[in-house]
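Trainee: Please take me closely through one part of this model. Give me a single connected account.

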Protein chains: 2
Amino acid sequence: MRVPKRERQRQLAASLEQNPFMTDEELSKQFNVSVQTIRLDRLECGIPELRERLKTVASRTIEAEVKSLQSDEVIGEIVDIELDKRAISIFDVTEDHVFQRNGIARGHHLFAQANSLAVAVLDDELALTVTSTINFLKPVKAGDRVIARAIVDKGRSSGKRMFVEVMSTVGDETVFTGEFQMYHTTELGRRDTK
Amino acid sequence: MRVPKRERQRQLAASLEQNPFMTDEELSKQFNVSVQTIRLDRLECGIPELRERLKTVASRTIEAEVKSLQSDEVIGEIVDIELDKRAISIFDVTEDHVFQRNGIARGHHLFAQANSLAVAVLDDELALTVTSTINFLKPVKAGDRVIARAIVDKGRSSGKRMFVEVMSTVGDETVFTGEFQMYHTTELGRRDTK
DNA sequence: CTGGTATTAGTACCAAGTGCTAATCCGGAA
DNA sequence: TTCCGGATTAGCACTTGGTACTAATACCAG
């Protein structure tokens, strides 16, 4: 026996974990045993055949892509918007957004929700964040639903500079506030003439 | 002819785009044509068979998982760190991080890199961002390599409050600066006694 | 030497195809 | 009407990467 059976099966499982695309024949060469032995090993370990493995891996992809798609556009879902005035978005915090160590949401997710809302409310070809001052007031946990409200501060905005205030709440508690100074190409009050 | 060939092929492509798991037989039922017709359609449209489709979809997953893993831990890769003093991380901007409309990186990615670096440099059970003021100085594009440098400002830090300055550069240009006021449980200078 | 485990070999069969040939349908032009 | 041609359908041989099962062989310990 070159390598004890038990050990080979352990390595087999690890190998397929890392690269599920291998056929039994390729595996048999890797471990220097016959194809049949590989099949028996898979049987004993409950490892499905190549096509089944690919199916499950592929379906995980699909789910992942749906997730990343939503994260690509705007962080959070915009539920109400009045261009150049105000907007509201909802962001559901999941286990993916928190530190494992303490279960508190990473700050950049709250920032991302607020920032992308500030961009969305201006709805311009080119709307960029220039400067921002933000405050994390209360920790946010997985399962929390964060509602961000953005309001364009018309008083301070002028020309290509816009000021957007964002306040995020969970229930009736404010968890985050941010002030965003944005740059955009279309000047205030000139949108109709473009 | 129930549905013109051209239109059926268009729908076929769309159908498989949305759900690549369908066999020719299932498709033939959906479109009320024979399996052979489906095969000819796939041939003409250059759509591979089920197994090949799953292979490509599954391989996309593998890449995606590597990506999402890194995005879970720290945004960017930490290349140098001296706890409670300074740290450096590298973040490669890809197409995924930019606005489609103008190719400029979304602000929250730069913030995320800086913020997670500020958290990492403190390396505490509980290190949270309290307040932050940030400036986006130059637009960042896909392909850029952003290097973020975090420095703990010992002078202003005391007790459970720490001040971290982050400066991010692309080449020799500064693209982002941020000041982070952090809260953490372990007090400055007391780490050894815990 | 015998028993039991591990391994290998071989066969029949399956799913989901490719590749090819042949038959059939069906609508419009001569 | 008849004939042509594209579209469709059918059928068959073959391929991959397997499952399920049986049988043979190897090898090691008691």
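**The surface near DNA strand C**

Mentor: α3(A) gives the largest share of the surface near DNA strand C, three residues. Near means that a residue's C-beta atom, placed from the backbone, lies within 6 Å of the strand. Helices (H or I, at least four residues) and strands (E, at least two) are DSSP runs, numbered from the N terminus. This is a predicted model: local features need pLDDT of at least 70, side-chain atom pairs count only at pLDDT 80 or more, and totals for chains, interfaces and linings use all residues. Residues are numbered from 1 along each chain as its sequence is written, while chains are lettered from A and ligands numbered from 1 in the order in which they are written.

Now the rest of that surface. DNA strand C is surrounded by 13 residues. The closest are Val33(A), Thr37(A), Thr23(B), Glu49(B) and Leu50(B). The elements giving two or more residues here are α3 of chain A and α3 of chain B. By type, there are four nonpolar, four polar and five charged residues. Ala, Val, Leu, Ile, Met, Phe, Trp, Tyr, Cys and Pro count as nonpolar; Asp, Glu, Lys and Arg as charged; the others, Gly among them, as polar.

Turn to DNA strand D. α3 (35–45) of chain A and α3 (35–45) of chain B each give two or more. α3(B) gives the most, with three residues.

Val33(B) leads on to Ser28(B). The two are in contact (C-beta atoms, placed from the backbone, within 7 Å). Leaving aside neighbours within four places in sequence, Ser28(B) also contacts Ser34(B), Val35(B) and Ile38(B). Ser28(B) sits in helix α2 (residues 24–31) of chain B. Ser28(B) counts as partly exposed because it has 18 C-beta neighbours inside 10 Å; 20 or more would be buried, 12 or fewer exposed.

Last, the two protein chains. 33 residues of chain B contact 33 residues of chain A. On the chain B side, α4 (50–72), α5 (107–122) and β3 (127–136) each give two or more. α4(B) gives the most, with ten residues. That side holds 14 nonpolar, twelve polar and seven charged residues. Strand β3 (residues 127–136) of chain A pairs with β3(B) in the antiparallel sense over five bridges; pairing takes at least two DSSP bridges. Thr133(A) stands opposite Thr133(B).
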